[in-house]
Amino acid sequence: MPEGPVVVGTDGSAGAARAVRWAAREAALRHQPLHIACAVDLDVAERLSADTARRVREAARSLLAEAAAEASSRAPGLAVSTEVGREPAADSLLRAAASTAPQAPGVTTAEATIVVGSRGLGGFSTLLLGSVGLTVAGQARCPVVVVRGTEQPSNGAVVVGVRDEGDLEAVRFAGETARRHNASLRLLSTWTYLQYVGSMAPMADVVRVAVEAEAAASTRMLGSVREEFPDLKVTEEVVRVPSPAGELVAASLRADLVVVGARRTAHHVGRGLGRVTHAVLQHAHCPVAVVPRE
């Protein structure tokens, strides 16, 4: 699916400011517009006095103006739009992403990408990722980038976690991002003995078959991405590790972006995110992209 506009949320926090800068650069590289949203929950605002509600909305517009100015300074010529969202922050971002993806005649709808900071003004200092980021990453039907870590010189690398063919869209997203940023792409497939404990088959045979299946899936996707991005430097690894999430977090130290597929579950932590994705979002040292699995 073609990549469309970039939607980013701001609340005036340092994390949101970094998210705006990241989003501005990404939108410019895509040659797509940037849409900045600042949420004012009117269900709350309407319980305030008229004067206080007006001040809240004015403050939101001021934050948007500052964010738009910062984005324009980072990417001159970038088309930037803003809005004061009337719903809670997560709902505002999800709606904005759905409404800003344009439909071109004869072309599949371009898919927006949502960008959020790792923690906004409402977060507790002990939380590694705020509730807005978790909610958006867990519910969005488009890619979501959580801008984590501190701004560092580029490592020139994008890492994508691979489990099976269901992660193909995540691999493609990672490939497109690596191409735009002139970076290399690393496909990382991990496995652990704990995945196979409890099987009635002999352990050695279970592990051998499972590892062969992991390697085959990774190799098939490697061939696909090399065909789609022939000028991209692509490598793959299939490794045994104590913790798949820990390996991806370690890889984030040497990456500009870690991409994971969203294996959504009905009732686990992370509002629909699997445990590995949730852990990577909480602990990664660089921005993390969550791409819905087919």
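Predicted model: local features only at pLDDT ≥ 70, side-chain atom pairs only at ≥ 80, totals over all residues.
Visitor: How many salt bridges are found in the whole structure?

Guide: A search of the whole structure gives 17 salt bridges. One of them joins R180 and E3, with the closest N and O atoms 2.4 Å apart.

Visitor: Where do R180 and E3 lie?

Guide: R180 belongs to helix α6 and E3 to strand β1 (residues 3–9), so this pair ties together parts that are 177 residues apart in sequence.

Visitor: And is R180 buried or exposed?

Guide: R180 counts as buried, at 11% relative accessibility.

Visitor: Which residues are linked with R180 in a network of salt bridges?

Guide: The network links R180 with E3, E26 and R30.

Visitor: What about E151, where is its place?

Guide: E151 sits in the loop between β5 and β6. Its side chain meets that of R21 in a salt bridge, at 2.8 Å from N to O. R21 lies in helix α1, so the pair ties together parts that are 130 residues apart in sequence.

Visitor: How accessible are E151 and R21?

Guide: E151 is partly exposed, with a relative accessible area of 46%, whereas R21 counts as buried at 18% relative accessibility.

Visitor: How far apart in space are E151 and H285?

Guide: From C-alpha to C-alpha, E151 and H285 are 9.9 Å apart, with a sequence separation of 134 residues.

Visitor: How accessible are E176 and R179?

Guide: E176 is partly exposed, with a relative accessible area of 22%. R179 is also partly exposed, and its relative accessible area is 45%.

Visitor: Now an arginine with no salt bridge: what is the nearest side chain of opposite charge to R148?

Guide: That side chain is D11, and it is 14 Å away. R148 is buried yet has no salt bridge. As a general point, side chains of opposite charge can pair when their charged atoms come close. The cut-off for a salt bridge here is a side-chain nitrogen of Lys or Arg within 4 Å of a carboxyl oxygen of Asp or Glu.

Visitor: What does the side chain of R148 reach, then?

Guide: The side chain of R148 reaches the backbone oxygen of Q282, at 3.1 Å. R148 itself lies in the loop between β5 (144–147) and β6 (157–161).

Visitor: Let us change topic to helix packing. At what angle do the axes of α1 and α3 cross?

Guide: The axes of helix α1 (residues 14–30) and helix α3 (residues 50–74) cross at roughly 45° and come within 9 Å. That angle makes α1 oblique to α3.

Visitor: Is the crossing left-handed or right-handed?

Guide: α1 passes α3 in a right-handed crossing.

Visitor: Next, the backbone. What is the phi of H31?

Guide: H31 has a positive phi of about 60°, although it is not a glycine. In general, most residues other than glycine have a negative phi.

Visitor: Where is H31 found, and is it buried or exposed?

Guide: H31 is located in the loop between α1 and β2 (34–39). At 71% relative accessibility, H31 counts as exposed.

Visitor: And what is phi for N182?

Guide: N182, a residue other than glycine, has a positive phi near 55°. N182 occupies the loop between α6 (168–180) and β7 (184–191), and its 74% relative accessibility makes it count as exposed.

Visitor: What separates the C-alpha atoms of R254 and V158?

Guide: A distance of 8.9 Å separates them, and the two residues are 96 apart along the chain. R254 is in the loop between α8 (244–252) and β9 (257–262), and counts as partly exposed at 48% relative accessibility.

Notes:
Residues numbered from 1 in each chain as written. Heavy atoms only, no water. Helix = DSSP H or I, 4+ residues; strand = E, 2+ residues; numbered from the N terminus. Buried < 20%, exposed > 50% of the residue type's maximum accessible area, 1.4 Å probe, protein only. Lys, Arg positive; Asp, Glu negative; His and termini not counted. Polar contact = N/O pair within 3.5 Å; in protein donor to acceptor, adjacent residues only side chain to side chain. Axes fitted to C-alpha atoms, helices over the stretch in contact; angles between N-to-C directions. Parallel < 35°, antiparallel > 145°, perpendicular 65-115°, else oblique. Left-handed = near helix turned anticlockwise from the far one by under 90°.
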